Amino acid sequence: MKSIDYFKLSFLFLLISACSSDSNNTNTNNLNNFTTDLCTNISGPTAAYYDNAHGRAIPLSQIPTIANPGQQFIHSQYPALGFTMPQGYSGFETQIGLGVDVVRNDGLTIWRYVPGLTSLSQVNILDIVASEVALLRQRYNYNGQIGVTCTQNFTQPQGNFIASLSSRVLDFAGIRAVISINSYFEPSLGSTFAAVTVASGPANEFDNLVMDVFLPIHWQLLIIDNSVRDSDLDGTPDTQDNFPFDPQRQ
């Protein structure tokens, strides 16, 4: 459980560092013109989401929220992993790493978060990437070539750990996927801990999915102050919710 908590905090740190506002941006959460120096092949919300995956601040003028709240997901073995999904989505527990797969009813959009993968050996982060790519192939029943639109790989010492990050933007068969993996090898224990986030969906919808699904789910996982708390996990912050403890009403 310690490794799960560790990655939960690491994930929250990345998200908290990305929550910011831009006083020059008069449009509410308008990321249409966003660009990133991490990859010149993408722009708009996709580029912002990719920056966010690397712990960078993105110019949000308000907390991203779900416009059409649906079912609530709470992991039975890890209750800290809980949030409200948009209508038309379902959540499925993953027991390895105690994570979740959020899947749109048509099966074409998937948000996957596995915060606590653990191995009692040193694992190359690229092997984890390969496993997630193989899972994408399986889920979309695709055996052809996958285009690598963006890629980043970093490894550096971090305290007692060797920290690695690997990310990808992939395009194939009309599907776009963003993969972000953080791994930590602890030499004295000889163990690897990893956290995986994957967001995939139709390429022609991806920017909208970032704004309406992926970012709002991310932000529900934040542990932040009461001014932006969502007590009933309905996707609406308490400050904007007339019924902050009733998930059926806002």
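How many bridges join strand 9 to strand 10? Strand 9 (residues 161-172) and strand 10 (residues 175-186) run antiparallel and are joined by 11 bridges. Within this pair, Leu-165 has Asn-182 of strand 10 as its bridge partner.

The model is predicted: local features require pLDDT of at least 70 and side-chain atom pairs pLDDT 80 or more, while totals for chains, interfaces and linings use all residues. Numbering runs from 1 along each chain as its sequence is written, and side-chain values use heavy atoms, with hydrogens and water left out.

**Overall composition.** The protein contains four helices and 11 strands, taken as DSSP runs numbered from the N terminus (helices H or I, at least four residues; strands E, at least two). Of its 250 residues, 53% are buried, that is, under 20% relative accessible area with a 1.4 Å probe, protein chains only. The accessible surface comes to about 11,800 Å², and carbon and sulfur atoms account for 50% of that area; the Shrake-Rupley method with a 1.4 Å probe was used.

Seven strands form an open antiparallel sheet in the order 5-6-7-11-10-9-8, where pairing requires at least two DSSP bridges between two strands. Strand 5 (89-94) and strand 8 (147-158) are the edge strands; each has a single partner strand, so one side of each is left without a neighbour in the sheet. On average, neighbouring strands are turned by 10° against each other, direction ignored. Helix 4 (residues 206-220) packs on this sheet and touches strand 5, strand 6, strand 7, strand 10 and strand 11, a contact being heavy atoms within 4.5 Å. The direction of helix 4 makes about 140° with that of strand 11, from axes fitted to C-alpha atoms, over the stretch in contact for helices, with angles from 0 to 180 degrees between N-to-C directions.

| Strand pair | Bridges | Residues opposite each other |
| Strand 5 and strand 6 | six bridges | Glu-93 and Val-100 |

Strand 5 and strand 6 form a hairpin with four residues between them, and Gly-97 in the turn has a positive phi of about 85°.

**Nonpolar cores.** The largest core has 39 residues, among which Phe-83, Trp-111 and Phe-214 touch the most other members. A core is a set of buried Ala, Val, Leu, Ile, Met, Phe, Trp, Tyr and Cys residues joined through side-chain atoms within 4.5 Å. Helix 4 supplies the largest share, nine residues. A second, separate core of 20 residues includes Val-103, Tyr-142, Leu-170 and Ala-177.

Technical notes
Buried means under 20% relative accessible area, exposed over 50%, partly exposed in between (1.4 Å probe, protein chains only).
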